[in-house]
Amino acid sequence: MAHSSRITLPPQQAPQQPWKHVWQQTAAHLSDADNGRGGAVVVVPRSGRVNKLDAELLDDEVAGMIRDPVSRAFSLVDSRFVDRYRNEVDAAIGAALFALSAGSARRRATYGQMVQNLEYARTGRGFAQRLWMLGLVTVVGRYAWRRAVAAISARGWANEPSGSVRARAWSAVQRIERAARLAALANLVVYMGAGQYRTIAERVLRLRLVSARPQLDHSVSFEFLNRQLVWHAFTELVMFAVPLVNPARVRAWAARQLRAVVGISAAAAVDPAIAALPDDVCAICATTAEGSGAGVGVGVDADVGVGSGASQSPHRAVNPYVTPCAHTYCYVCIRTRMLAEADECSCLRCGGHVDRIYQAC
């Protein structure tokens, strides 16, 4: 009799999942960081760089919307007023918009910045004075510089002999403008990295744009941009397709389709006077002459006789070609009519369909 033996294995530990070890280490680091910061995590809200640049574009659009009706109003008094005082008009509009928006005691942002949920941070001493200084620099300073450059340019300082005071002043103006452009480019590069000061004036005056209501979403919406792109593509397509459309061909095709739908045959629209013309007369030439008031003017040669079909009409076919319905036309007349109606037309004599022609024997 066989005896069964039972084999006892040593106990084994359950395998530990590897993520638990990683989580324990991460939790320890998070606990140390939380204790080191006093148990509070500070989140600094940041406004988007794109929103700040869009705010500047919106301000320019608002100024342009006001400039157009103002220009039309002054043009009724003097047509050259806006051209002579364009800088003054732009400065007046810019000053009014700044005074009503950022310069107001209740607001700390321009209209474009308010649309983008932005405002200037009230930091440092003399915030109101620095904000008004920004308006003076951006509006009055810009106007004064443009006016000065236009004045010295109109006086021809650029054409003065080299070495003169005016020539050196003009060179200095050019150098200042180049330096300003380079400084603006450098500030833009720094702004794209830090995202604080859009312009040099804001950097000098320490005026920084922040979110007016940080709880709002700052995501960039591309809905308007998509609509503009679709409309631009549609406009380009229409501008490309319109020159390819021949209005005469469209009208002829529409007329044929309408006659087919209504059930009117082309023969019903044939003029009996044109149908009775001699065989060697071009009906297109006769119709053109009749429309000009000269009349059909078909004459029959007395020597030849009426039944012979030969005529002395001034509208005899030149370089005659025959249609599939056996009617004769001038080559130039019938070919021109076919090209105008998509290489096919109706015969003026019988209303038959003409899609090809043959040279008369």
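Leaving aside neighbours within four places in sequence, E202 touches Y120, L134, Y197 and L207, where contact means heavy atoms within 4.5 Å. That's a handy way into this predicted model, where local features need pLDDT of at least 70, side-chain atom pairs count only at pLDDT 80 or more, and totals for chains, interfaces and linings use all residues. Residues are numbered from 1 along each chain as its sequence is written, and side-chain values use heavy atoms, with hydrogens and water left out.

**Around Y120**

- E202 sits in helix α8 (residues 200–205); helices here are DSSP runs of H or I with at least four residues, numbered from the N terminus.
- With a relative accessible area of 1%, E202 is buried. The cut-offs are under 20% for buried and over 50% for exposed, with partly exposed in between (1.4 Å probe, protein chains only).
- Beyond four places in sequence, the contacts of Q113 include A55, D59, R108 and R198.

**Salt bridges**

- Nine salt bridges turn up in a search of the whole structure; each is a side-chain nitrogen of Lys or Arg within 4 Å of a carboxyl oxygen of Asp or Glu.
- One of them pairs R67 with D90, and their closest N and O atoms are 2.6 Å apart. This pair links distant parts of the chain, 23 residues apart: R67 is in helix α2 (residues 49–75) and D90 in helix α4 (residues 86–100).
- R67 is partly exposed at 24% relative accessibility, and D90 is partly exposed at 23%.
- R181 and E177 form a salt bridge as well, at 4.0 Å from N to O. Both lie in helix α7 (residues 165–194), four residues apart, or about one turn of the helix.
- R181 is exposed, with a relative accessible area of 55%, whereas E177 is buried at 17%.
- R356 bridges to D355, with the closest N and O atoms 3.2 Å apart. R356 is partly exposed at 43%, and D355 is partly exposed at 36%.

**A nonpolar patch**

- M133, L136, V137 and V140 make a nonpolar surface patch of about 330 Å².
- L136 is found in helix α6 (residues 127–154) and counts as partly exposed, at 45% relative accessibility.

**How confident is the model?**

- The protein chain has a mean pLDDT of 79, and 80% of its residues reach 70 or more; pLDDT is the predictor's confidence in each residue, from 0 to 100.
- Over residues 39–45, pLDDT stays under 50, and the model has four contacts beyond four places in sequence for them.
- Over residues 296–311, pLDDT also stays under 50, and here the model has 27 contacts beyond four places in sequence.

How values were computed: Helices (H or I, at least four residues) and strands (E, at least two) are DSSP runs, numbered from the N terminus. Patches are made of residues with over 30% relative accessible area and no salt bridge: like charges are joined within 9 Å, nonpolar side chains (Val, Leu, Ile, Met, Phe, Trp, Tyr) within 5 Å. Accessible areas come from the Shrake-Rupley method with a 1.4 Å probe; for residues, only the protein chains shown count as cover.
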